[in-house]
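Subject: Structure handover and notes

Hello,

Here is the structure for you to take over. My notes on what was found in it follow below.

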Amino acid sequence: MSSNQRSHITKVVVIGLDCAEPSLVFERFADRLPNLSLLRERGVWGKLRSCDPPITVPAWMSMMSSKDPGTLGYYGFRNRADHSYEKMTTATSLAVREPLLWDYLGKAGKKVILLGVPQTYPPRAVNGLMVTDFLTPSIESNYTYPPELKQEIAGLPDVHPYEFDVSNFRTPDKSIIRDSMHRMTSKRFALARHLLTTKPWDFFMMVEMGTDRVHHAFWQYMDPSHHRYEKGNPYESVIEDYYVHVDNRIGDLLQVVPDDAVIFVVSDHGAQCMEGGIALNEWLLQKGYLVLLEPPAAPGRLEQMKVDWSKTTAWGSGGYYGRVFLNVEGREPRGIVPAAQYEATRNRLIEELEALGGPDGKPIGTRVLKPEELYKTVRGISPPDLFVYFGDLRWRSVGTLGTGELHTFENDTGPDDANHAYNGLLIAKGPNVTPGGPISGMQLMDVTPTILRLFGIDVPADLQGSVIDEVAPSEVAVN
Ligand SMILES: [Zn+2]
């Protein structure tokens, strides 16, 4: 007599730490992070390759949909709204059209709790409840599903007033940022504990943004390779201390999680030292790709300049990565690049941008990519024609022009010390997980199919990731 048995777990917890950097968690700070290190010891772990671009929006939704950003149709928080030159749109939850992990779970009757997952504002109905993310405009917004959950949160003394993000994390007063990060994180974990202990759930997921903010605000103080690093500075241990704080909060939270739950800790991308910025539009201007009707009166953003579109081939935008848009005949209102010249123009830009060196003229390892090389399909009203990873992401893209300088060490949006890195991390521990690590070859889009399999739910054929077998072993026939 034989029968096929599927033994499925009943509960899954995902703790998302935005931007958590594998080399810090697995190596540099590991001895001071007992809870994360214990999870690794008892589970599996490794780097988790982010999507392209490795940016919060679209990364979390790529993870939760198991679709690449081309399929999702947005390439950052701000995207072109149409083919005009200036109109931009914000990728909120309303831009998310693909089904997400919790949609599949809800259909299968699983109760979900979602707390702070990027790109969930404005909230949507789920089979369970939701508190929206760091892009929520304010505590006055309708930030919960169901709506009455908001009143309940306002009544929690260790949570109210709830904080979505560090307010003003680019301010020069570093001690304010440090203190508000700790406070915000304590509140988020207190709310997580409240929800986990008072609401029904099969799937719980939270995302903490402080890990991202701490890198951007404090990297220069801890990294001897940063050009502004000073040994013995008063903020040297801020990043490490913050990770310790997060590790303690994780330890507290896991006390209320049943032993047979599968626990994931994931990040959407990593962080690395930012060496400086490259003024993309300034470069395009100097090279003659971008033409102005009159020289800039003062340095400013492209929108502040009088662009001669009838002579402009390409323009760009700033951010952790650069985007280049071509002014294509028949596509843009005053496009001049003929369709027949489109590929040749892109190829020339790739060659020249990759050759653009650092201040000393030496190559910095810039990579320029075409969207169709990165994605299964390319959707969206107007995806960038080129993605530019300056210095392989050790340099950011600066949109400002008019300084005459190609290299800048001051950010146009305030102090910022870290850029994103391609690899985030994954730690998973559960009753059927055989400890071992590091595992290689994991990527963001693998998380959703892995969790579906853990729940015994069929993985839809159009998901682009694969099940991580070390976390969700395929079903075994039991005699
Ligand atoms: Zn992120």
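Leu393 lies in the loop between strand S15 (386–389) and S16. Please keep in mind throughout that this is a predicted model. Phi of Leu393 is near 85°, which is positive although the residue is other than glycine. With 1% relative accessibility, Leu393 counts as buried. Ser66 has a positive phi too, of about 60°, and is not a glycine either. Ser66 sits in the loop between H3 and helix H4 (69–72), and its relative accessibility of 0% makes it count as buried.

Leu393 also turns up in the surroundings of Asn419. Leaving aside residues up to four places away in sequence, Asn419 touches Gly270, Ala271, Gln272, Cys273, Met274, Tyr320, Leu393, Arg394, Trp395 and Arg396. Asn419 belongs to strand S18 (residues 418–421) and counts as buried, at 0% relative accessibility. From Asn419 to Ala108 the C-alpha to C-alpha distance is 39 Å, and the two are 311 residues apart in sequence.

Sheets

Strand S11 (residues 276–279) pairs with S16 in the parallel sense over four bridges. Within this pairing, Ile278 stands opposite Ser397 in S16.

Gly322 has Val388 in S15 as its bridge partner. S13 is also joined to strand S12 (residues 314–317) by four bridges, and these two strands run antiparallel. Ser317 stands opposite Arg323 in S13. S12 and S13 form a hairpin with four residues between them, and Gly319 in the turn has a positive phi of about 140°.

How is S13 (residues 322–326) placed relative to the rest of the structure? Five of its five residues are buried, so the strand is largely enclosed by the rest of the structure. In a regular strand the side chains alternate between the two faces of the sheet. In S13, Gly322, Val324 and Leu326 point one way and Arg323 and Phe325 the other way, and all are buried.

Zinc site

The zinc ion has as its protein donors Asp18 (OD), Asp18 (OD), Thr56 (OG1), Asp268 (OD) and His269 (NE2), which lie 2.0 to 2.6 Å from it. The sequence spacing of the donor residues is D-x37-T-x211-D-H. Thr56 lies in helix H3 (residues 56–65) and Asp268 in the loop between strand S9 (262–266) and strand S10 (270–273), so this pair ties together parts that are 212 residues apart in sequence. Both Thr56 and Asp268 are buried.

Cis peptide bonds

The peptide bond from Asp52 to Pro53 is cis, with omega near -5°. Pro53 is in the loop between strand S2 (44–49) and H3. The peptide bond from Tyr121 to Pro122 is cis as well, also with omega near -5°, and Pro122 lies in the loop between strand S5 (112–115) and strand S6 (128–131).

Cores and helix H8

In soluble globular proteins, nonpolar side chains tend to be buried together. Here the largest nonpolar core has 63 residues, and Ile15 and Phe218 are those with the most contacts inside it. A second, separate core of 49 residues includes Val44, Met64, Val117 and Val467. Apart from residues up to four places away in sequence, Ile15 touches Phe189, Met206, Ile250, Leu253, Leu254, Phe264, Val265 and Val266.

Helix H8 (residues 210–222) has 13 residues and reaches 17 Å from its first C-alpha to its last, close to the 18 Å expected at 1.5 Å a residue. H8 has a kink of about 50°, centred on His216. Of its 13 residues, 13 are buried, so H8 is largely enclosed by the rest of the structure.

Regards

Key
Residues are numbered from 1 along each chain as its sequence is written. This is a predicted model: local features need pLDDT of at least 70, side-chain atom pairs count only at pLDDT 80 or more; totals for chains, interfaces and linings use all residues. Side-chain values use heavy atoms; hydrogens and water are left out. Donors are N, O and S atoms within 2.8 Å of the metal (3.2 Å for Na, K and Ca); water is not among the atoms, so sites may look incomplete. Buried means under 20% relative accessible area, exposed over 50%, partly exposed in between (1.4 Å probe, protein chains only). A nonpolar core is a set of buried Ala, Val, Leu, Ile, Met, Phe, Trp, Tyr and Cys residues joined through side-chain atoms within 4.5 Å. Contact means heavy atoms within 4.5 Å. The expected span of a helix is 1.5 Å times one less than its number of residues. The bend at a residue is the angle between axes fitted to the seven residues ending there and the seven starting there. Two strands pair if DSSP finds at least two bridges between them.
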